[in-house]
Protein chains: 2
Amino acid sequence: MARIVMKFGGTSVADLARIHNVARHVKREVDAGHEVAVVVSAMSGKTNELVGWVQGMPKATGANSPFFDAREYDAIVASGEQVTSGLLSIALQSMGVNARSWQGWQIPIRTDGAHGAARIAEIDGSFLIKRFGEGQVAVIAGFQGLAPDNRISTLGRGGSDTSAVAIAAAVKADRCDIYTDVDGVYTTDPRIEPKARRLDRISFEEMLEMASLGSKVLQVRSVELAMVHKVRTFVRSSFEDPDAPGMGDLLNPPGTLICDEDEIVEQEVVTGIAYAKDEAQISLRRVADRPGVAAGIFGPLAEANINVDMIVQNISEDGKFTDMTFTVPSGDVAKALNVLEKGKATVGFDVLQHDEGMSKVSVIGIGMRSHAGVAATAFRALSEKGINIRAITTSEIKISILIDGAYTELAVRTLHSVYGLDKH
Amino acid sequence: MARIVMKFGGTSVADLARIHNVARHVKREVDAGHEVAVVVSAMSGKTNELVGWVQGMPKATGANSPFFDAREYDAIVASGEQVTSGLLSIALQSMGVNARSWQGWQIPIRTDGAHGAARIAEIDGSFLIKRFGEGQVAVIAGFQGLAPDNRISTLGRGGSDTSAVAIAAAVKADRCDIYTDVDGVYTTDPRIEPKARRLDRISFEEMLEMASLGSKVLQVRSVELAMVHKVRTFVRSSFEDPDAPGMGDLLNPPGTLICDEDEIVEQEVVTGIAYAKDEAQISLRRVADRPGVAAGIFGPLAEANINVDMIVQNISEDGKFTDMTFTVPSGDVAKALNVLEKGKATVGFDVLQHDEGMSKVSVIGIGMRSHAGVAATAFRALSEKGINIRAITTSEIKISILIDGAYTELAVRTLHSVYGLDKH
C-alpha cells in the first residue's frame, strides 16, 4: 500500500469522456489498495475563457492593479478547477469509488497574499490523511488556495503542478504522478529529433534546467518544490489505456521519474538537449568599465519586468571599456531598448546593437560535473556543421549556446547525436 | 441615504456589455449616497452548461442521490455566480466604485444541509454592514451558501431572488430591488392581453398567489421570505437606461413594489389574472366514502413526487360514494395513473378518468375578501363566452377555474376585462 498524489492537467480533463478516463486511472490505483489524492486543473480552454472575460472588462482606474483587481481575478479564474473537481468526484462515485471534492479554502491550502501569483505557505494535510484512513479519495482543485484575507488566491498559470507537489509533500506521499499529454520527459523535443528517447529517470536539478530552458512538461516552480521536499515525481500520460499492462506498477510505472540524483545509478554525462526560440541579443558597446555599471544596466530592465538571460561581458582591447551582451525574449526587445536608451546618460555606452531571431540551445547533464571536455565537444560539433556561436554561458550542469534561430533544429539534432542520446 | 439590495438575474448579466450596464445601475445608487449590496446570478446559459455537465456524467451507483452527489453538484453549479460576482466587482472598480465580491462561504450565508435545494438558516450581516460604513459595495454571489458540513450549498433554481431578499432582511435594507427582463408585475401576461397594465404596488399575499400560479417574475420562496420579513421589494427592469429620469427615485422607482397591504391605499377588488397551461384533470368515480380515503389516494401520489392541485370532492347521489377530481401537471399524468391503478384495491373506485390539455385560470385580489360576488362575476363572464368550467377552487384572495386549454387566452382576456383591469 502506498500513498499517491495524481495530477491531471487541462487537456486530460477537457471533456466528460476524458474526465471519465481520468476516473479509470484513479480507480486503478484505488483498486490496488493505495491511498489517493487527485489534483485537477480546469477543463482545457475554460481558464482562457475566464481570463478573457476579466481582460475584456474596462480597465480599472482606482483598483490596486494596473489591469484589474487580482482578488477578483482569482475568484473568477479559480472557478474552473472548482468545476472539474466536482465532475471528477461524480465520475468516481459512479464507479463505486468513495470520493469528494476539496476546494483550496476547504483544506485549506494557505498561500501568501500575492493574489494572481500566490505562493503556497502551508497545507494542513491532517484532514486529507484522516479521510484516506476512511478510504476516501480526495479530489482537490489545483491552482488555488486561501489568502490571509480569507479570499481565494491562485498560484499563477500552471500552478496545478505546484499544488500537486505541495500536497504530496504535505501528506508525505510516496509518489506524485503528473499525468499530462506526453508520456514522459524526453532527451529532447521529439518533434525536432524523432530519435529522442524517453528518460526513465532524471534528477531534480536536471529537470529544473530542462523546465527553465523551455521544456513545457513541468512548471519550474513545481520542480523546485519537488527538489526541496524530495517528492518523487512521475511524468506520465493520461491518454494511455488506464488498464494497459504496467500502468499500475508501483515502483516503475511507464513514464519518467524525477528524483534525487542518488536514485539514478547509471548517470549519463549528458541527459538532454533543450532549446528556446525567439531570443534576442542586445549588445552595449564601449561601456565605461567601472563598478556599478552592471547594476545601472540590469536594474532598470528588471524593474520593467524584462527577463534577462545569458549575460556575457568582455573587456575591450584597451582595458578601459567593456562590451555587455545579453539576451531577452524577442517580445521584450522594443521595451528593453527603450529602457536602455533612457539610461544612456547614466550608464554611458557608445553603441546599442540588437539582433532578433536567435535561439538558445542547451546541453544538460549532472554527469558533466565530473567530466571534462563536454563543452568542447559541443563547440566542435556545431562548428563542423557551420553553426556560428554568438554567446555561451555555462553552469555546473548546463552549457547554453546562443545561435542564429535558423539553425535551431540542426543544432539540437547535432548535439543530441554527438552525446550519443539517440542510442541506448 | 438608504440601504439598498439590488439583484440582477442571468439575462441581466449575460455578457460583459450587460454586466457593464448593471454596474451603471449600481453606480447610480452609490452616487446618490446609498449603501448598496448587489446580488448576482450566473451569466445566462452558464448554469445550464454546468448542470448539463453534471447530468452528462454516468449515473452514480453508490452515491447518496439517485442521480449524483448533490454536494458535488453544488460545488460545480455555484461556480457560475462566483464568476459573475468577480466580473461585476471589476466593472464597478473601473468606474471608480469601491466594490468587492463575496462568496456565500465568505459572508457566510449559512444554510441547512439539503444540498441542491438548501434553505437559508442564518446570514451574519455584520461584515457587510461594516463595509457599508467604509463606503464599499458588496457584490454577492446569489444562489449559494455554506452548509453545516463546511461545503458549498445551493438554494435550487431561481435561488438568487431568495438570496437577495434574505440579505435585505439580514442587513435591514430599506428596499430590495429585483432587476429582471421585465419592468414590473402586470395585471396579466401582456403577451396574451396587450391591455395588461403594470401594477404600481401589489401585496405580498397577492404576489405569492401570482408566483405560485405561473407568473415567472419572482420565485415563490423569495416572496414568502419577503412577506415574513416585510422586505419592501421592487420588481424593475435592468434593460432600461440606468440614467433615465426617475430611475434613481428613492421612494417610487419605475417598477412594481411588493409590499405589505397596509401600504396599498386604494385596493382594487381584483389585482391580476394568472394562468397555468398544461394541466391534466384526473377523476376517480364512485370511491367509497369513508374516513382515510383521501389519504389513501394522495399519500402515494405525494410519495411519487407528483404535485397535486385543485382537489374537488363531490358526494354521489346516493350518499354512499364520492367522486374525487384533481389536477396534476400534464407531464405527471402517466406516473399518476400508474400510482392510482396500483392502489385501486386499497382505495376502491369504479372508474379512473383523465383529461389532458386543461388550463387553470386564476383571479387574484386581496379586495375580494371584503367584496361579495367576485366569483359569480367570473362564472357569468366565462359562461357568456361559452367557456365550460371543469372545476373550481377558491381561497380568501383567489378563485381558480379549470377550463379546456384551448380557451386559455380568451378566458384570461375576458376576466381581465370584466374586472376592469384594462382601465385605470
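## Two chains in contact

In this predicted model, 46 residues of chain B are in contact with 46 residues of chain A. Contact here means heavy atoms within 4.5 Å. The copies meet through the same surface, because 100% of the interface residues of chain B are also interface residues in chain A.

The size of an interface is often given as the accessible area lost when the parts come together. Chain B and chain A bury about 3700 Å² between them. Of that area, 66% is on carbon and sulfur atoms. Buried area is what two parts lose in accessible area on being put together, taken with a 1.4 Å probe and summed over both. The count of salt bridges between the chains is 2. A salt bridge puts a side-chain nitrogen of Lys or Arg within 4 Å of a carboxyl oxygen of Asp or Glu. Lys46(B) and Glu49(A) meet in a salt bridge through their side chains, at 3.4 Å from N to O.

## Symmetry

A rotation of 180° superposes chain B on chain A, with 0.0 Å of shift along the axis and an RMSD of 0.1 Å. The two copies are thus related as by a two-fold rotation axis. The superposition is by least squares on the C-alpha atoms of residues with pLDDT of at least 70 in both copies. Ser79(B) comes closest to the axis among the residues of chain B, with its C-alpha at 2.6 Å.

## Confidence

The predictor gives the complex an ipTM of 0.84 and a pTM of 0.87. Chain A has a mean pLDDT of 92, and 97% of its residues reach 70 or more. Over residues 62–66 of chain A, the pLDDT is below 50. That stretch has 7 contacts in the model beyond near neighbours in sequence. The pLDDT is the predictor's confidence in each residue, from 0 to 100.

Residues are numbered from 1 along each chain as its sequence is written, and chains are lettered from A and ligands numbered from 1 in the order in which they are written. Local features need pLDDT of at least 70, side-chain atom pairs count only at pLDDT 80 or more, and totals for chains, interfaces and linings use all residues, while side-chain values use heavy atoms, with hydrogens and water left out.

## The listed binding site

An unreviewed UniProt entry lists Thr47(A) and Glu81(A) under "binding site". They span 35 residues in sequence, yet no two of their C-alpha atoms are more than 8.7 Å apart, so they gather at one spot. UniProt positions follow the numbering used here, feature names are shortened, and annotations may be inferred rather than shown by experiment.

Thr47(A) is in helix 2 (residues 46–56) of chain A. Its relative accessible area is 11%, so Thr47(A) is buried. Buried means under 20%, exposed over 50%, and partly exposed in between (1.4 Å probe, protein chains only). Setting aside residues up to four places away in sequence, Thr47(A) touches Ala42(A), Val77(A), Glu81(A) and Arg157(A).

Glu81(A) is in helix 4 (residues 79–94) of chain A. Glu81(A) is buried too, at 3% relative accessibility. Beyond neighbours within four places in sequence, its contacts include Thr47(A), Phe143(A), Gln144(A) and Ser160(A).

## The ACT spans and helix 13

For "domain: ACT", the unreviewed UniProt entry lists residues 282–357 and 363–424 of chain A. Residues 282–357 are 33% helix and 39% strand, and their end C-alpha atoms lie 12 Å apart. Helices (H or I, at least four residues) and strands (E, at least two) are DSSP runs, numbered from the N terminus.

Helix 13 covers residues 408–418 of chain A. Its buried residues include Ala411(A), Val412(A) and Leu415(A). Among the elements covering the buried residues are strand 13 (272–288) and helix 12 (374–384) of chain A. Just after helix 13, Gly420(A) takes a positive phi of about 70°.
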